[in-house]
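Colleague: Can you walk me through this model? I will ask as I go.

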Amino acid sequence: MASPQPEAPAKLYAAQEPVFPKKVYGKFRNLKWVIMAITLGIYYLTPWIRWDRGPNLPDQAVLVDLANRRFFFFWIEIWPYEFYFIAGLLVMAGLGLFLFTSALGRVWCGYACPQTVWTDLFILVERWIEGDRNARLRLHRQKKWDLRKFRLRLTKWVVWLLIALATGGAWVFYFTDAPTLLADLIALNAHPVAYTTLLILTGTTFFFGGFAREQICIYACPWPRIQAAMMDEDTLVVGYRDWRGEPRKHSEEVKAGDPQGDCIDCMACVTVCPMGIDIRDGQQMECITCALCIDACDDIMDKVGKPRGLIDYMALTDETNERAGKPPKPIWKHVLRPRTILYTTLWSLVGVGLLFALFVRQDIDFTVAPVRNPTYVVLSDGSIRNTYEIRLRNKHGEDRPFRMSLSGDRTLQLQLEGLTDAVVTVPADSVKLQRVYVIAPADTDPAGLAQSSIRFWVEDPTNGDRVHKDSVFNGKVQP
Amino acid sequence: MADQSKKPHQDPETTGHEWDGIEEFNNPLPRWWLWVFYATIVWGIWYVIAYPAWPLVEGAPAGYKNWSTRANIAADIAAAEAANAGMNTRLASAELTAIADDAELNGYAISAGGAVFRTWCAQCHGSGAAGAKGYPNLLDNDWLWGGDIAAIHATISHGIRTEEDDDTRYSEMPVFGDILEEEEIVQVANYVVSLSGDAPDATAVIAGEMVFMDNCASCHMEDARGDREQGAPNLADAIWLYGGDFETVMQTIEGSRFGVMPAWNTRLSEAEIRAVSAYVHQLGGGE
């Protein structure tokens with residue numbers, strides 16, 4: 001080959017750069033502790049909340065009962081045919097993420113994402129056992145596995161594993177009665193699926209929180225890539241006021257007597273970063289906007305007697321304004337924009353729609369499916385009979401009677417398969433399929449019309465509540 | 001955010017490739033990504049050995065795990081049958097009339113019977129059981145051989161006019177074209193049509209009644225309401241197996257009819273026959 005190769009070929013694969021985030025104090029760190037306590041508390045404790053629903057129904061407040069196809073959320077019970085509630089919640093979650101991202105950038109990533117929260121927890125454990133950044137760096141660089149290193153590493157891994165086990169365990173508790181399952185798990189006679197799920201989630205928690213950490217955000221997660229499409233010049237992100245900070249003190253280019261920026265190049269913002277980046281290089285793909293560098297820098301600025309906010313939440317428009325010597329926009333102008341207002345409106349509309357659907361939901365629920373094969377049957381006395389498959393849903397924890405009736409042409413008669421009266425008893429927490437016949441005696445109007453409207457009524461005889469569904473009666477169409 | 005020109009950082013690394021002055025940045029993949037790639041290769045090798053993966057002329061090799069979709073299906077079917085075995089035993093030994101009172105057994109019988117019906121019966125009686133010309137509608141309240149569950153069960157078990165079964169339901173309508181005069185057939189056809197509608201020739205009805213009493217009433221009874229012992233249809237109601245218009249009735253009298261249904265006890269288990277009996281019984285005409 002004649003083409004000159006001036007240097008060795010570039011490496012196509014890079015080893016993971018270990019990150020040793022330093023401890024930091026400040027308002028954003030405190031906010032993250034609070035959010036961690038709330039989110040982890042909700043996650044670990046929710047399956048243990050009890051909720052009395054009467055006999056035959058589970059008493060777990062939040063339960064995804066896949067085997068029986070029921071979803072329980074405190075006083076709300078969702079059956080599979082009402083899946084639109086779940087779909088609506090997912091739409092709301094999506095719109096909520098859009099809203100927060102367009103207003104506050106990757107605030108989900110920085111504060112509430114499980115990957116962030118559990119990594120934070122794992123780093124807390126790491127710091128507690130192995131010490132802060134410098135001690136961990138020393139331990140990392142120490143090649144020899146002496147007894148101390150072995151003890152520290154083993155302790156850390158065991159604590160991580162216990163957290164991971166609790167995490168995987170809490171997940172399976174959402175799908176079946178938690179106290180029963182815990183007893184079964186300990187007695188080693190729970191279902192294999194429970195153990196498999198628990199082991200997989202324990203493994204992923206241990207690995208993602210302990211070792212993969214920022215690699216998940218950079219390489220595995222699609223959300224940061226999508227988020228870029230929702231951010232604009234008014235979105236608040238974490239940034240560095242380089243026009244204030246540069247040129248840095250201690251940097252080689254700065255000679256005595258030259259003008260100096262506020263940045264003293266202490267690297268505090270870099271050492272606390274869980275993603276291992278230097279925010280002074282500008283907004284970058286890896287930044288999850290956890291704001292720990294803001295805390296770190298504010299602390300240093302206080303110590304050197306400079307104003308806070310060298311690293312701060314700001315938007316692109318602020319930078320332009322500040323460079324031109326103009327004051328930045330107030331926060332509310334960043335947050336209240338047509339885009340965020342649109343997202344909020346959509347989010348609220350879906351939410352109000354769901355709440356409306358939830359509150360107008362009837363306690364009695366049934367569907368009418370007219371049998372179309374055949375549309376009608378001629379009986380021996382010449383009367384015309386239509387058949388309807390009516391599904392009656394009993395969401396109560398005890399058996400429930402439903403009285404069926406019919407309105408429409410007065411000549412129409414209602415009959416129920418296998419029953420002499422019109423009262424159907426539906427067992428607790430189940431659906432009953434009842435064949436229902438509507439008969440038009442020969443030579444009556446409905447028997448001769450191609451189609452006439454009818455209305456089925458279902459009444460709870462115990463409290464008089466009743467609901468209706470409309471359907472049609474097919475007469476004998478004369479050729 | 002920061003002004004790129006002021007950054008004290010070196011130029012980003014490039015791969016050294018250059019096309020018309022365009023250089024390619026080097027953004028190396030994480031090394032663990034490469035290990036994941038190697039792991040998929042190892043997985044692929046294992047998969048090819050373990051499962052049928054080489055398409056050959058006569059099919060794929062079995063793989064050391066002898067995995068096959070047919071075996072899986074067979075195992076699934078066996079598991080389903082084993083799971084239903086208890087219900088099938090209960091069904092086969094229950095009193096026929098007691099099935100409807102046992103909610104659990106009845107629910108099982110109706111869904112199992114529906115499956116049997118759609119597999120074996122729907123070809124003639126239709127998937128909705130509405131029948132067709134010559135194939136009875138099972139939804140209505142008219143029965144040739146009886147509509148209680150025991151009668152339905154006997155009909156399904158032994159069939160109708162089937163040669164292979166000695167207990168089959170049997171009867172035969174004579175070919176009256178060979179017995180009666182043409183005029184008599186027209187008269188009796190007018191009479192039969194008049195029982196449930198308007199005869200085309202009202203003057204023939206009286207004479208037709210005489211012919212009917214002499215030739216037909218022994219099976220169809222004097223009131224023409226039929227006889228279930230002989231499977232003789234009720235001629236006075238609104239339901240017709242082959243059609244109630246004058247021409248069709250003429251055809252039936254002249255040439256007779258001979259509907260056949262197979263005996264199912266040689267093909268279906270007792271539990272299946274009982275299940276489909278219960279299913280047919282609850283379609284709307286059960287007695």
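Colleague: How many helices and strands does chain A have?

Modeller: Chain A has 17 helices and 15 strands. Helices (H or I, at least four residues) and strands (E, at least two) are DSSP runs, numbered from the N terminus. Before we go on, this is a predicted model: local features need pLDDT of at least 70, side-chain atom pairs count only at pLDDT 80 or more, and totals for chains, interfaces and linings use all residues. Residues are numbered from 1 along each chain as its sequence is written, while chains are lettered from A and ligands numbered from 1 in the order in which they are written.

Colleague: What radius of gyration does chain A have?

Modeller: Chain A has 33 Å, whereas a compact globule of 479 residues would have a value near 23 Å. The radius is taken over C-alpha atoms, and the globule rule is 2.2 Å times the number of residues to the power 0.38. Along its principal axes, the C-alpha trace of chain A spans about 115 × 65 × 60 Å.

Colleague: Which domains is chain A divided into?

Modeller: Domain 1 (27-229), domain 2 (230-336) and domain 3 (364-474). The bounds come from an automatic or database domain assignment. The centres of domain 2 and domain 3 of chain A, taken over C-alpha atoms, are separated by 72 Å.

Colleague: And how much of chain A is buried?

Modeller: Buried residues are 27% of the 479 in chain A. A residue is buried if 20 or more other C-beta atoms lie within 10 Å of its own, exposed if 12 or fewer, and partly exposed in between, with C-beta atoms placed from the backbone.

Colleague: Which residues touch the most other members of the largest nonpolar core?

Modeller: That core has 51 residues, and A:Leu392, B:Ala109, B:Ala275, B:Val276, B:Ala278 and B:Tyr279 touch the most other members. Apart from it lies another core, of 34 residues, among them A:Cys269 and A:Leu310. A nonpolar core here is a set of buried Ala, Val, Leu, Ile, Met, Phe, Trp, Tyr and Cys residues joined through C-beta atoms within 7 Å. In soluble globular proteins, nonpolar side chains tend to be buried together.

Colleague: What does B:Val276 touch?

Modeller: Not counting residues up to four places away in sequence, B:Val276 touches B:Gly113, B:Val116, B:Phe117, B:Cys121 and B:Ile156. Two residues are in contact if their C-beta atoms, placed from the backbone, lie within 7 Å.

Colleague: On to the interface. How many residues does the contact take from chain B and from chain A?

Modeller: 33 from chain B and 36 from chain A. On the chain B side, strand E1 (14-19), strand E3 (29-30) and helix H1 (31-50) each supply at least two residues. H1(B) gives the most, with 4 residues. By class, that side of chain B has 14 nonpolar, 11 polar and 8 charged residues. Ala, Val, Leu, Ile, Met, Phe, Trp, Tyr, Cys and Pro count as nonpolar, Asp, Glu, Lys and Arg as charged, and the others, Gly among them, as polar.

Colleague: In which sense do E1 of chain A and E3(B) pair, parallel or antiparallel?

Modeller: Parallel: strand E1 (residues 13-14) of chain A and E3(B) pair over 2 bridges. A:Tyr13 has B:Leu29 as its bridge partner in E3(B). Two strands pair if DSSP finds at least two bridges between them.

Colleague: How many bridges join E10 to E12 in chain A?

Modeller: 4 bridges, with E10 (residues 400-407) and E12 (residues 423-426) running antiparallel. A:Arg403 has A:Val423 as its partner in E12(A). E10(A) also pairs in the antiparallel sense with strand E14 (residues 451-459) of chain A, over 5 bridges. There, the bridge partner of A:Met404 is A:Val458.

Colleague: Where does A:Pro247 lie?

Modeller: In the loop between helix H11 (242-245) and helix H12 (268-271) of chain A. The peptide bond from A:Glu246 to A:Pro247 is cis, with omega near -10°. The bond from A:Asn373 to A:Pro374 is also cis, with omega near 5°. A:Pro374 lies in the loop between strand E7 (365-370) and strand E8 (377-378) of chain A.

Colleague: Last one: why does A:Leu188 count as exposed?

Modeller: Because A:Leu188 has 7 C-beta neighbours inside 10 Å. Its phi is near 60°, a positive value in a residue other than glycine.
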